[in-house]
Amino acid sequence: MTEFEPIIVTFACHYCAYGAADLAGVMRLQYPASIRVVKIPCTGRIDVHHILTAFEKGADGVIVAGCRIGDCHFESGNVKATKRVQYAKKLLEEIGLDKERLEMYYMSSAEGARFAEVAAEMTERIKKLGPNPLRKEAQK
């Protein structure tokens with residue numbers, strides 16, 4: 001039996017987290033291929049619907065990665081995103097998915113190593129949780 005390889009959708013803000021992901025690549029840091037990066041203008045633009053849709057379409061985990069608190073280029077986008085992620089975690093529990101499949105991380109564009117660390121940490125977490133039970137339905 002082959003080892004489970006999760007699919008983790010990462011919503012990354014343009015200014016910080018996406019820059020960190022890019023820097024990780026430039027630095028040739030290794031991080032799991034399970035990470036699928038979606039660049040967004042600001043995490044403040046993420047909606048609970050986007051997160052739930054990622055799970056509905058078969059993602060095993062979701063990361064919302066934004067600027068450090070207090071450093072958001074749009075003032076409070078990451079604070080708004082944090083509240084939405086917390087709400088989405090409650091909804092995941094209500095529908096029977098483990099809330100640990102979703103996490104919010106903060107980083108600057110200079111933290112390529114942090115991005116790689118987060119990717120590895122989340123991948124290990126999702127491997128322990130196993131495949132998204134909704135994935136079967138998403139692949140039909």
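In which helix is the place of valine 48? The legends below answer this in turn, starting from a view of the whole chain.

**Figure 1. Overview of the predicted model of the protein chain.** This is a predicted model, and the protein chain in it has five helices and four strands. Read from the N terminus, the elements follow the order β-α-β-α-β-α-β-α-α. The radius of gyration is 14 Å, close to the 14 Å that the globule rule gives for 140 residues, so the chain is as compact as a globular protein of that length. Along the principal axes, the C-alpha atoms fill a box of roughly 40 × 35 × 20 Å. Of the 140 residues, 44% count as buried. The accessible surface of the chain is about 7,800 Å², and 51% of this surface belongs to carbon and sulfur atoms. Of the contacts between residues at least 6 apart in sequence, 80% join residues at least 24 apart.

Figure 2. Not counting residues up to four places away in sequence, phenylalanine 115 touches Thr10, Ala17, Ala20, Ala21, Ala24, Tyr31, Ile35, Val37 and Met107.

**Figure 3. Valine 48 and its contacts.** Valine 48 has its place in helix H2 (residues 48–56), which answers the opening question. With a relative accessibility of 12%, valine 48 counts as buried, because the cut-off for buried is under 20%. Leaving out residues up to four places away in sequence, valine 48 touches Arg84, Tyr87, Ala88 and Leu91. Valine 48 and lysine 83 are 35 residues apart along the chain, and their C-alpha atoms are separated by 9.8 Å.

**Figure 4. Threonine 10 in strand S1.** Is threonine 10 buried or exposed? Its relative accessibility is 1%, so threonine 10 counts as buried. Beyond the residues up to four places away in sequence, threonine 10 touches Ile35, Arg36, Val37, Val38, Ile63, Ala65 and Phe115. Phe115 in turn lists Thr10 among the residues it touches.

**Figure 5. Glycine 61 in strand S3.** Glycine 61 has 0% relative accessibility and therefore counts as buried. Apart from neighbours within four places in sequence, glycine 61 is in contact with Ile7, Ile8, Val9, Phe55, Arg101 and Ile126. The C-alpha atoms of glycine 61 and phenylalanine 4 are separated by 13 Å, and the two residues are 57 residues apart along the chain.

**Figure 6. Serine 34, a buried residue in a loop.** Which loop holds serine 34? Serine 34 has its place in the loop between H1 and strand S2 (35–40). At 2% relative accessibility, serine 34 counts as buried. Residues up to four places away in sequence are again left out, and serine 34 then touches Pro6, Ile7, Ile8 and Thr123.

**Figure 7. Arginine 28 and glutamate 75, with positive phi.** Most residues other than glycine have a negative phi. Arginine 28 is a residue other than glycine, and its phi is positive, near 60 degrees. Arginine 28 is found in the loop between H1 and S2. Its relative accessibility is 72%, and arginine 28 counts as exposed, because the cut-off for exposed is over 50%. Glutamate 75, also not a glycine, has a positive phi of about 70 degrees. Glutamate 75 lies in the loop between S3 and helix H3 (77–95). At 72% relative accessibility, glutamate 75 counts as exposed.

Key
Residues numbered from 1 in each chain as written. Predicted model: local features only at pLDDT ≥ 70, side-chain atom pairs only at ≥ 80, totals over all residues. Heavy atoms only, no water. Helix = DSSP H or I, 4+ residues; strand = E, 2+ residues; numbered from the N terminus. Rg over C-alpha atoms; globule rule 2.2 N^0.38 Å. Buried < 20%, exposed > 50% of the residue type's maximum accessible area, 1.4 Å probe, protein only. Contact = heavy atoms within 4.5 Å. Areas by Shrake-Rupley, 256 points an atom, 1.4 Å probe, with all protein chains shown as cover.
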